[in-house]
Amino acid sequence: MADPTDHGVDPQTHLDLPAWLTERAQSFEHWAKATSTPETWDFSPQSLDTLEDLIRSQYDSDAETLTVRRDAFLQGACWYIGEVVCRTQGAVWKFEPFAAKGAELPSLFGEADPSGVVDDPCVGMPGGDTEEAIYPMGAVHGLFRTEDELGNPIEQHLSDVVGDCDEDDEE
């Protein structure tokens, strides 16, 4: 029996991904200038600390970032986070939309109901599974979480995504 979650599309070649990547790359210079610190964005892991401070200064919660996740600033921030991982760790961009049973599959450009839907690209090792990939938008949302699923206190940082990718390489 066929896997109902297999949509027959390689996540590295999904039709929506090249258009999103092109749009983000072409708008990067404008995005960088809009941050008022264009000289900061050198794609180094250290620059993620500055981006984290900027995100924390503009948003108060993961619910807020979820609501405005299609905003040009957050889309640019997610592209930047992913590019840092790709350029420093050899990862590649992937997009494999997921919808809960019965829901319509989202696209990178459509407005999807955020519950039960993955509608953002991720970065991971070539040939690797998207389940083990790093989702930049998830990293942004995670900045505002104070407890893990067991209720233990946590403090997440954008720079953690580089460490997450290192851990995957070691396995």
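Which residues is Ile-55 in contact with, leaving aside its neighbours within four places in sequence?

Modeller: This is a predicted model, in which local features need pLDDT of at least 70 and side-chain atom pairs count only at pLDDT 80 or more, while totals for chains, interfaces and linings use all residues. Residues are numbered from 1 along each chain as its sequence is written, and side-chain values use heavy atoms, with hydrogens and water left out.

With those neighbours set aside, Ile-55 is in contact (heavy atoms within 4.5 Å) with Phe-73, Ala-77, Val-140, Leu-143, Phe-144 and Leu-158. Ile-55 is also, with Trp-31, Leu-51 and Tyr-80, among the residues touching the most other members of the largest nonpolar core, which has 35 residues; such a core is a set of buried (under 20% relative accessible area) Ala, Val, Leu, Ile, Met, Phe, Trp, Tyr and Cys residues joined through side-chain atoms within 4.5 Å. Helices (DSSP runs of H or I, at least four residues) H1 (16-34), H2 (47-58), H4 (72-89), H5 (136-142) and H6 (160-170) each give two or more residues to this core, and H4 gives the most, with 10.

Val-140 and Phe-144 are also touched by Thr-65, as are Tyr-59, Leu-74 and His-141, not counting residues up to four places away in sequence. Thr-65 lies in helix H3 (residues 62-67) and is buried, because its relative accessible area is 0%. The side chain of Thr-65 makes a polar contact, at 2.7 Å, with the side chain of His-141; the term requires N or O atoms within 3.5 Å, one able to donate a hydrogen and the other to accept it, and residues adjacent in sequence count only if both atoms are side-chain atoms.

Technical notes: Buried < 20%, exposed > 50% of the residue type's maximum accessible area, 1.4 Å probe, protein only.
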